[in-house]
Amino acid sequence: AATRRGLMGALAALLVLGGCAGRVPGVIGQACLNSDRPAATPALCSCVQQVANQTLTSAEQRRAAQFFRNPQRAQEVRQSDRPGDERFWQRYRAFADRAAAICG
């Protein structure tokens, strides 16, 4: 039953994403699509944006979008001792892990 629910959820996500493949909304989606990564397709970037919408605030999305243009910035935030950076990094990692699991 759990496997069936998981498959149904994945199918529903694919149907929703299929309608978004031509355009990519959101700052994360646009940063993803504009990155120089070969795997950055409209479908993948739309999926990543949908996960961002579920897990990050708008301000956090704007901050995370900078990582696509400047990966060194992500390293700086990850190594920071500032409490705000640490909280953001935890939320960002949760987003990244979830996006990897859902979007592939």
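C32 is buried in this predicted model, with a relative accessible area of 5%. Its disulfide partner is C45, the two sulfur atoms lying 2.0 Å apart. C45 also counts as buried, at 0% relative accessibility. The link is left-handed, with -70° about the S-S bond. It connects distant parts of the chain, since C32 belongs to helix α2 and C45 to helix α3, 13 residues apart.

The structure holds 2 disulfides. The other one pairs C47 with C103, again with sulfur atoms 2.0 Å apart. The torsion about this S-S bond is -90°, which makes the link of C47 and C103 left-handed. C47 sits in helix α3 and C103 in helix α6, so this pair ties together parts that are 56 residues apart in sequence. Both cysteines fall under the 20% limit for buried residues: C47 has 5% relative accessibility and C103 has 17%. Counting bonded cysteines along the chain, the disulfides follow the pattern 1-2, 3-4.

Next comes helix α4, residues 58-69. At 1.5 Å a residue, its 12 residues should span 16 Å, and the distance of 18 Å between its end C-alpha atoms agrees with that. Within α4, the residues E60, Q61, A64, A65 and F67 are buried. They cover an arc of only 140° around the axis, and therefore lie on the same side of α4. An α-helix has 3.6 residues a turn, so residues three or four places apart point the same way. S58 and R69, on the other side of α4, are exposed.

The buried residues of α4 pack against α2 (27-34), α3 (42-55), α5 (71-79) and α6 (83-103). Among these helices, α2 and α3 carry C32 and C45, while α3 and α6 carry C47 and C103.

Note on methods: Residues are numbered from 1 along each chain as its sequence is written. This is a predicted model: local features need pLDDT of at least 70, side-chain atom pairs count only at pLDDT 80 or more; totals for chains, interfaces and linings use all residues. Side-chain values use heavy atoms; hydrogens and water are left out. Helices (H or I, at least four residues) and strands (E, at least two) are DSSP runs, numbered from the N terminus. The expected span of a helix is 1.5 Å times one less than its number of residues. Buried means under 20% relative accessible area, exposed over 50%, partly exposed in between (1.4 Å probe, protein chains only). The arc is that of the directions from the helix axis to the C-beta atoms. Contact means heavy atoms within 4.5 Å. A disulfide is a pair of cysteine sulfur atoms within 2.5 Å.
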